[in-house]
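Subject: Structure handover and what was found in it

Dear colleague,

I am passing a structure on to you, together with some notes on its side-chain contacts, its aromatic residues and its strands. Please read the notes with the model open beside them.

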Amino acid sequence: MSSPSLQQPSFLLANLKADATTKPLLQRCQDLLKIIDEYPAKELHLIFPWLVENVFGSLDGVISGWNLRLLHSRCNEYNVVLDFLNPSGPMMKLVYKLQAEEYKYELPVNYLPGPVKACIQEGVLPDCPLFHNKLQFPPPGVLTLNLALNPFEFFMFNFAHCLVAPRNCLQPQVSSLTDSAYFLLVDMYLKYFLPVEGSVPPSPFSDSRGSVTAPSPRASGVSFAGYGVHSPSLLKHHIFHQPSVNADPAAQEIWRSETLLQMFVEVWLHHYSLDMYQKLQSPQVKLALLQYRLSMSSMPCQPHAPPGSGTFHTYQVLLPFHSPPALWGLLEEPFSPSEEHVLVVRLLVKHLHAFSNSLKPEQLSSSPSAHSHTHASPLEEFKRVVVQRFVQQKLYLFLQHCFGHWPLDASFRAVLETWLSYIQPWRYTGEKNNPQPDQNRTVPDKWEPFVHENLLLYTKLFQGFLNRAVRTDLVNPKNALMVFRVAKVFAQPNLEEMIQKGEQLFLEPEHVLHHRQPRGYLTPSQGGSYLSSRQRVVTDTVFKVKSHVYSLEGQDCQYKQMFGPEVRGAVMKFIQIIAQARHTAKRISDHSTEAAANNSFLSWFGLGSSDLNNTFSGAEPEESGECLKKTHEFLDRALENLCQIFKLNQGQLAQLISNLSSSQDDGHSRQLPDCIQGENGLILTDLGRRQIINGLRRFEVQYQGDPELQPIRSYESALLVRFLYRLSSLLNDRFRGHMCALCSRSDFLGRLGRRYLTDPDSSVRPKRSPQSRRTLERSLQPRLSLRPLASYRTLLVLLLFYLLGALLSLGPLPSTVLLLTGAVLYGVLMTLFAEKLKTH
């Protein structure tokens, strides 16, 4: 009986692999449902890694899996996949079934995010508890390290990694990015494991002790010690990783929520450059945190630690082996998040705000020192610290990277909205009744600690956006909308004062801070005064702000005040650019209106303009008319909000805009952009680049190649263009010498020949860029051009002429002779009159 049972798992796996290539997805899911229900965990254990890879794809991107990111609601398999993978579906049932038996699955360290991989390969464990007590030491001679994850961790890592794994087979998105099965599954998992209302549903499988076996249960008395709330003894701050016999069952259930969030944050956000990694590992930053921990350990009542310190990467636990020196060039990964990646991160941010804001008022109002872990459920305690301890630092680095590397186009809107969602947690409180209009909504005072403890995400990222915006085409309505969105958010009443107060707390001198910080504090019941308690609150707030800035920017950071003179000057320059873009948008709108009025059916006959290039370079083809009116409206409201934020003088602003408009109306729009003369020609300055981006000035763009080889226009016959080019080339090669001799004469015949055989405007050339200037001295040889005869307009005129000749009883030959005679007489008259005009 034992032999068949030993062969059964291999037989089952072989059958599943064969069915994966022959059966449709619906039938495979039905078969898997039966297998998960009927087979024991011992046999399901061997198929689990293959099944996870078959669903989510391989970590190296070779196997695409079910392509959850391309599966949209219009697909037939959409509902089948959601039913199979939802938090209460068969796949999660399999995970819980294996979890109860404490199986482990190996994950190569090479597939971890770059900074985590660098830390581990240097013999250091990251501060995130997710990677503690899981490292599998390799045998001698093997350099590949693996992590031993439980089934839930293994499943969630592969699910999260599916978003960032390279996929060569991915096709361009044909519908909304937020309509994919992957996006909806992320939303399902967040709502299930991080519920806004109620608690996390228990697992359907339990072990003999009556509760799910958590990977490393920790006592409730030291809950969240690894996320910034450090224990007084630095030598025991890893005690929460040890199993506890009397662990609270509710605390064992909450580990799934923690694991899900840690996986999402580590896989999606824990990416940054080598320079940032080295800065975060600098001795100055680690010493600052160590001093803060020592100062906190001396206090009788331990407050919450500063935000960011829990996720801060410090050298904590030396591994019992020595890895070879890290190859820095290999550890630095090219991180380029996609728009889909950013949208999923925004979904995470919005849900975490709603999850955190669902904290009960009585729990929220309790002071940290008076808070007792025995009276708060693990889920409520988790809500209290979830945003600051888990997300803040990595999201800041993620957004900072996107601000500096994202293309200067409208796709940046996804990054922008993610940032604005994080810095406005008051939008996700679940309150339905908002009596105040959105633009006049005052930020409640209770959010002031959040603003202070996230100061850099307001000030530093605003400056990063400002640096992007001055290099962006603000005539584009999508870019103008982004400027308006940022200005509207920061113009909310009460927010500016909160940011300024946070900057004052950070810039408070160190000697005043040390003077305020005694070695111990006495509460009023212990003989102290309320003043000392007040000083302690101020000191804690200052420490939180300073620790937030130092943990994200380093101890030697040069902080620029958002309302300081340097940033204020940059805002004034930005306002000038906005005013220029407004003026350009108005000119383009007026030009588009005039062009639409003149673009009638008669223009096809030559009575209108046929120059398709006669447009302003500051707008895209679809941006005309109503779209540019939106641009003007967005920029107008952005100017109002910026003046409100930075307390700008309205009179000076109006004078600045009027002077700018008058100077542009004086014909500056037709001048060249601001340039300097270089060795090879004109070189654009920064001002010139901004003028071109905003459509204020431009170079005269003309075709500089062979006129006969210009692209075929829509009003030309492609067949005739090619035929006439061959014919004219044959005649030019045959009679080149005669043409040159005729055009070189100085008498009347020479002038007449030059009118027909050369470009009359070749002597008048605009200033060119350095590259095209090299061809300035090349003279065009005399040639016969028959290309005008390929124009439909010319053909129509010739047809009407021959029809008129037929009405006058003239045959084709007499009409042709008459036409050529008229062309010669026209050339003679134009040559004579041109000479007379030159003499006058």
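**Glu266 and its surroundings**

The side chain of Glu266 makes a polar contact with the side chain of His270, at 2.6 Å, where a polar contact is a pair of N or O atoms within 3.5 Å and, within protein, one atom must be able to donate a hydrogen and the other to accept it, while residues adjacent in sequence count only if both atoms are side-chain atoms. This is a predicted model, in which local features need pLDDT of at least 70 and side-chain atom pairs count only at pLDDT 80 or more, whereas totals for chains, interfaces and linings use all residues. Residues are numbered from 1 along each chain as its sequence is written, and side-chain values use heavy atoms, with hydrogens and water left out.

Glu266 belongs to helix H9, in a scheme where helices (H or I, at least four residues) and strands (E, at least two) are DSSP runs numbered from the N terminus. With a relative accessible area of 3%, Glu266 is buried; the term buried means under 20% relative accessible area, exposed means over 50%, and partly exposed lies in between, with a 1.4 Å probe and protein chains only. Not counting residues up to four places away in sequence, Glu266 touches Pro113, Val116, Cys128, Leu130, Phe131, His271 and Lys394, contact being defined as heavy atoms within 4.5 Å.

Helix H6 (residues 114–121) is mostly covered, as 7 of its 8 residues are buried, and Gly123, which follows H6, has a positive phi near 85°.

**Aromatic pairs**

A search of the whole structure finds 32 aromatic pairs, where rings of Phe, Tyr and Trp (its six-membered ring) pair if their centres lie within 6.5 Å, and planes under 30 degrees apart count as stacked, over 60 as edge-to-face and the rest as tilted. The pair of Phe48 and Tyr105 is tilted, because the ring centres are 5.1 Å apart and the planes stand at 55°. Phe48 lies in helix H3 (residues 41–56) and Tyr105 in strand E1 (residues 105–108), so this pair ties together parts that are 57 residues apart in sequence. Phe48 is buried at a relative accessible area of 0%, and Tyr105 also counts as buried, at 5%.

Phe152 and Trp255 form an edge-to-face pair, with 5.5 Å from centre to centre and 80° between the planes. This pair links distant parts of the chain, since Phe152 is in helix H7 (residues 151–164) and Trp255 in helix H9 (residues 249–269), 103 residues apart. Phe152 is buried at 1% relative accessibility, and Trp255 is buried at 7%. Both residues belong to one aromatic cluster, whose members include Phe56, Phe155, Tyr182 and Trp268.

Two charged side chains lie over aromatic rings: Arg468 over the face of Phe412, at 3.8 Å from the ring centre, and Lys546 over the face of Phe506, at 5.2 Å. The criterion is that NZ of Lys or CZ of Arg is within 6 Å of the ring centre and within 35 degrees of the ring normal.

An open sheet of 3 strands has the order E1-E3-E2, with antiparallel pairing, and two strands pair if DSSP finds at least two bridges between them. The edge strands are E1 and E2 (135–136), each of which pairs on one side only. E1 and E3 are joined by 4 bridges, and Pro108 stands opposite Asn146 in E3. H7 packs on the sheet, touching E1 and E3, and its direction makes about 35° with that of E1; axes are lines fitted to C-alpha atoms, for helices over the stretch in contact, and angles run from 0 to 180 degrees between N-to-C directions.

Asn150 is found in the loop between strand E3 (146–149) and H7, and is buried with a relative accessible area of 2%. Its side chain reaches the backbone nitrogen of Phe152 at 3.1 Å, and a polar atom of the Asn150 side chain lies 2.8 Å from the backbone nitrogen of Glu153.

With kind regards
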